[in-house]
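Hi,

Here is the structure I promised to pass on.

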Amino acid sequence: MARPARRALGALAASAAAVLALSACSPSAGGDSGESGGDVTLSYAIWDENQKPAMEQIAEAFTKENPNVTIDIQVTPYKEYFTKLQTAASGGSAADVFWMNGPNFQLYASNGQLAPLDDAGIDASDYPQGLVDLYTYDGTLYGAPKDFDTVALWYNKELFDAAGVEYPAAGWTWDDFTAAAAKLTDPAKGQFGIAASQYGQENFYNSIAQAGGEVISADGTESGYGSPEALEGIELWTGLIEAGSSPTAQQMTDTNPEDFFLSGKVAMFQNGSWAAIAYADNADIGGKVDVAPLPAGAEGNQSVIHGVGNVANAKSPHLAEAKAFAAFASGEEAAKIQAETGTVIPAFNGTQQAWVDALPQYDLQVYIDALETAVPYPVSKNTSAWTSIESEILSQVWSGAVTPEAGLEDLAEKMQAALDAEQE
């Protein structure tokens, strides 16, 4: 999902019922009363402060080509982003252009909140087909793919060196991974090998695929949580907690799991490609860490792939300009800006190498290589309806209050009921 789409889907802030009730009121999105063709200010809503500098460069490039249009970038932290967006859309004040993720896309598209971009000069062949499909609804393209993200394994070289453990490398298996996590754990120092967080995109969505399972069927109608493979994918993480190689669920509730890694208390942390620029800019760990491919399960080392889309508010009073900017912000020039600044992996084909080259201190090629076996981020028309169930039940599994077997049996049944309701 850039950053985040980027946490377990259960963390999605927007409720399905609220989004389904979004009104079609016209927003005062631009903050001015100019008609199309005159001076216009477009509001552009994003959720990642780390990406704001690159987005400002993109906005300036667009204004250079369109002197009558100014872009006002509005940053809302991801945790609050979709709550704010849902409220703004309902109240008629949503931004003219805004970031969208896969889990929420179909709800907004199906409720007429997004403007079709088929006539915005976007060539679908310029982007990975999976991202084009992600932002297409009923045969119409509503989102211009901005970037994509895969997942890899970050590790603290200092902690590995001190423990005499070899660095992660291509060909690492789950057994290698768990064995290294145990060796890197030192209770006397409060040090752990891995943070086995209850994160879907970064952790268990990948391991379920690596075991040969799936979270949801390709058509978004069937839960995959009832399979033995899904159980294996979940038990990889709960087993690390039980072994003491990871902080407990309670510890990771009290302290953000990533903060353990940033403070040098955790040796390994799986994270998306969006993390690269944040780690590089972190004075405490920037020179201590590197990144490797995910460890492989029985079926390989698959990573989930997701990507942010730029969408235009269908009710923007400056719709022509909004659609033009959504397309531009996902175009080749914008992609080069994102890549050369090391911000994210741009979706525009042929521009990704510059992102790898922007931070040569890290082996970022592993994120690009992950495309070869990547699996789609799990979504359905009403994703948040079942991810709320997923989050609630898996939190009990992670805490040890419920066994993985019992939890997944319950999750599969309740998730399927939610999916069946979508088809009614």
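Which are the buried residues of α4? They are Gly102, Pro103, Asn104, Phe105, Leu107, Tyr108 and Ala109, where buried means under 20% relative accessible area, exposed over 50% and partly exposed in between, with a 1.4 Å probe and protein chains only. That is seven of the nine residues of helix α4 (residues 102-110), so the helix is largely enclosed by the rest of the structure. Gly112 follows α4 and has a positive phi, near 75 degrees.

Some housekeeping before the rest. This is a predicted model, so local features need pLDDT of at least 70 and side-chain atom pairs count only at pLDDT 80 or more, while totals for chains, interfaces and linings use all residues. Residues are numbered from 1 along each chain as its sequence is written, and side-chain values use heavy atoms, with hydrogens and water left out. The element names are DSSP runs numbered from the N terminus: helices are H or I with at least four residues, strands are E with at least two.

Now the sheet. Five strands make an open sheet with mixed pairing, in the order β2-β1-β3-β13-β6; two strands pair if DSSP finds at least two bridges between them. At the edges are β2 (69-75) and β6 (144-145), each with a single partner strand, so one side of each has no neighbour in the sheet. Going through some of the pairs:

- β1 (residues 40-46) and β3 (residues 97-100) are parallel, with two bridges, and Tyr44 stands opposite Val97 in β3.
- β3 and β13 are antiparallel, with four bridges; here Met100 stands opposite Gly309 in β13.
- β6 and β13 also run antiparallel, joined by two bridges, and the bridge partner of Pro145 in β13 is Gly309.

In a regular strand the side chains alternate between the two faces of the sheet. In strand β13 (residues 309-312), Gly309 and Val311 point one way, Asn310 and Ala312 point the other way, and all are buried.

Helix α2 (residues 52-65) lies across β1, β2 and β3 and runs at about 165 degrees to β2. Axes here are lines fitted to C-alpha atoms, for helices over the stretch in contact, and angles go from 0 to 180 degrees between N-to-C directions. Glu60 is in α2 and counts as exposed because its relative accessibility is 55%.

The helix pair to look at next is α9 (residues 228-242) with α18 (residues 404-422), which pack at an angle of about 130 degrees with their axes 10 Å apart. That makes α9 oblique to α18 (under 35 degrees is roughly parallel, over 145 roughly antiparallel, 65 to 115 roughly perpendicular, and the rest oblique). On the α9 side, Ala230, Leu231, Ile234, Glu235 and Thr238 meet Pro404, Glu405 and Leu408 in α18, contact being heavy atoms within 4.5 Å. By class, this contact of α9 with α18 has five nonpolar, one polar and two charged residues (Ala, Val, Leu, Ile, Met, Phe, Trp, Tyr, Cys and Pro count as nonpolar, Asp, Glu, Lys and Arg as charged, the others, Gly among them, as polar).

Last one: where is Glu214 found? Glu214 is in the loop between α8 (200-210) and α9, and is partly exposed at a relative accessible area of 42%. Neighbours within four places in sequence aside, Glu214 is in contact with Ile208, Gly224 and Tyr225.

Cheers
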